[in-house]
Structures are given as structure tokens and as C-alpha cells.
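Look at the model first, then read on.

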Amino acid sequence: MNTGYNPDDEAHWALVAQCLEECPASLQLSLLDNLNSYQQIFDSDQQVEDIQLNQKLQLIRHHYQQGQWQSAADQIGKKITECQAQLIPITSADYPEQLQQIAKPPPLIYMRGNLDCLYLPQLAIVGSRRMTRGGEMVAKSWAKNLANSGFTITSGLAAGIDASAHRGALEAQQGATVGVMATGINQIYPSRHQQLAKQILDKGGALITEFAPDTPPRPAHFPQRNRIISGLSLGVLVVEAALKSGSLITAKYALEQNREVFAIPGSVNNPQSKGCHQLIKQGACLVETTAELVEEDRKSTRLNSSHQ
């Protein structure tokens with residue numbers, strides 16, 4: 001990204017919006033429903049029909065003209081350059097189509113790595129941070145098999161099942177893995193996953209986040225991150241999950257986004273399987289082999305083709 005002022009760069013205008021407190025994500029999306037681009041929000045006289053929305057538009061144009069966003073935008077631009085990241089606004093052709101379809105897509109994503117892997121069929125693999133040894137083995141072996149079957153494996157770069165899924169995909173002969181972060185693009189969390197993040201990038205995968213550089217881990221950001229994990233994916237596979245696991249939030253988002261939810265059953269004596277059993281009771285697809293997931297994808301592809 002060019003960190004200087006470039007009126008023809010849509011990413012520049014999207015970054016301006018991120019740096020204005022008066023322009024939260026919900027307002028950005030409302031304005032973009034009425035205007036064609038971020039540039040038209042700030043660099044035009046075009047109005048919108050809704051009176052209240054138009055008043056907000058005039059207010060943020062006023063704040064833009066004052067230029068107080070410039071310092072923050074310059075700092076973000078510097079951080080992006082340092083970690084070799086790029087900005088992808090929702091108005092860009094590079095923005096993942098799957099993610100654009102969800103109810104509240106992030107207006108801007110920060111990305112490091114291979115952009116192309118965001119357009120390949122993605123399957124999210126998620127689960128408990130406190131995984132069992134069996135859960136670890138399943139997450140790794142299934143991720144490897146599914147990556148070799150053509151899926152990009154998407155997860156949250158967290159400890160436990162997430163990390164095992166990333167590592168399994170890295171062992172595959174083909175395929176890549178995407179880590180969706182709940183921190184800034186230059187803040188790997190947990191810090192012990194620095195090497196894992198590097199391996200993801202080296203193998204042709206990607207790291208993405210909606211949070212500005214230097215954003216630390218905050219509790220509220222993890223559920224927000226989860227909607228992106230499911231939003232990028234064709235379906236969500238829950239390997240192990242306790243009843244209060246955050247991976248159940250990802251599954252909930254998946255259902256809201258009209259994505260498939262798959263769950264692996266486990267022992268009735270294993271607390272880390274109770275969340276999966278609950279999902280199955282609620283209608284999630286019980287799977288016992290990766291071949292079932294591949295076949296489900298083929299069925300879905302055939303069904304979608306027949307409706308076109």
C-alpha cells in the first residue's frame with residue numbers, strides 16, 4: 001500500500017474512515033449502500049436521500065476536512081509497510097466474496113500473505129483451547145487430509161484445536177491455511193505462535209484481521225473474529241468443544257450466515273465433546289471421516305450449479 005496521499009487509491013479513503021471516530025463500521029456500511037465507494041464518501045459532493053444519514057455524511061466530511069485523521073492514518077500506513085501487510089476495503093474487487101455476503105462484514109481487512117488463498121474453497125476447523133490428545137490428532141490429520149483434497153483450512157490462530165488445524169494443513173502436500181486474528185496484523189497472539197504464523201505465510205497462506213495494527217487482544221474481539229472465520233468459509237467443522245467454548249459462537253455465526261456446521265462426536269465422558277454433542281442435537285451434521293465432508297461439498301456444488 002502507498003502510505004502517502006493518493007486520491008485514486010480506494011484503500012486510502014477506507015483508511016481515512018477507520019481513523020475517524022465519527023465513522024464507525026455500521027455507518028460506513030450504510031453509506032456504502034448509498035454511495036459507490038469510500039472516495040465518494042469523502043471526495044465528492046454527492047448526497048444521500050435519508051435525511052439523518054445525510055446529516056452524518058456531512059459531519060464526517062467536515063471532520064475529514066479538519067485533517068485530524070492524518071496522523072493516525074500515517075502511523076497505520078507505517079505499521080502496514082513494516083509488516084508487509086495490505087489493506088483490502090469492502091469496495092475492492094480483492095475483497096473475499098464469501099465474507100461480503102455476511103450480515104455485518106468488516107468494511108476493511110488487513111492482510112499478510114497470499115491473497116489468492118482467500119478465493120479458494122475454505123473450510124473452518126475450530127475447537128477447544130483445552131483439547132485432548134485425541135482431539136489434537138484428529139484436528140491435525142483431518143486438516144491435512146482436507147487440505148490435500150483442495151480446501152484452504154481456516155482457523156483462529158488460537159492455542160489448542162486451532163493451532164493443530166493450522167499445523168495439519170501445513171503438513172499437506174497442497175493447500176494452504178488462513179489464520180484469522182483477534183488482534184492487529186502485527187500482533188501475533190498468543191506470542192508463542194510467532195513461528196506458526198511465519199510458517200503459514202511461508203507455505204502460501206495468509207493472516208487477516210479487521211483490527212488496526214498494534215491492537216492488543218481484548219475479550220470482545222474474539223467473538224468478532226469468529227464471525228470472520230465462519231464468513232470466509234463454506235462450512236465450519238467443530239472438532240472438540242466444551243459447552244461454553246468460543247467455537248460454539250463460531251458455529252452459531254455459521255448457521256446465521258447459512259453455512260454448513262459439522263461436528264465430530266466423542267466420548268460421553270469427555271467434557272470437551274459435550275459442545276459437539278449439543279451441536280449435533282441442534283441439527284449439525286455428524287461426521288466421522290473427511291470423505292463425508294468432501295462429499296458434502298460436492299453435493300452442495302452440484303446443487304448450486306443446478307440452480308444457476
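## Helix crossing

H10 and H11 cross with right-handed geometry (the near helix is turned clockwise from the far one by less than a right angle). In this predicted model, local features need pLDDT of at least 70, side-chain atom pairs count only at pLDDT 80 or more, and totals for chains, interfaces and linings use all residues. Residues are numbered from 1 along each chain as its sequence is written, and side-chain values use heavy atoms, without hydrogens and water.

The axes of H10 (residues 221–232) and H11 (residues 247–256) come within 8 Å and cross at roughly 50°. Axes are lines fitted to C-alpha atoms, for helices over the stretch in contact, and angles run from 0 to 180 degrees between N-to-C directions. Helices (H or I, at least four residues) and strands (E, at least two) are DSSP runs, numbered from the N terminus.

## Sheet

9 strands form an open, mixed sheet, ordered E1-E2-E6-E5-E4-E3-E7-E8-E9. Pairing requires at least two DSSP bridges between two strands. E1 (86–89) and E9 (285–286) are the edge strands, each pairing on one side only.

E5 (residues 177–180) and E6 (residues 206–209) run parallel, joined by 3 bridges. Val-180 has Ile-208 in E6 as its bridge partner.

## Helices across the sheet

H9 (residues 194–202) lies across E2 (108–113), E5 and E6, at about 115° to E6. H12 (residues 274–281) lies across E7 (235–238), E8 (260–263) and E9. The angle of H12 to E8 is about 135°.

Key
Contact = heavy atoms within 4.5 Å.
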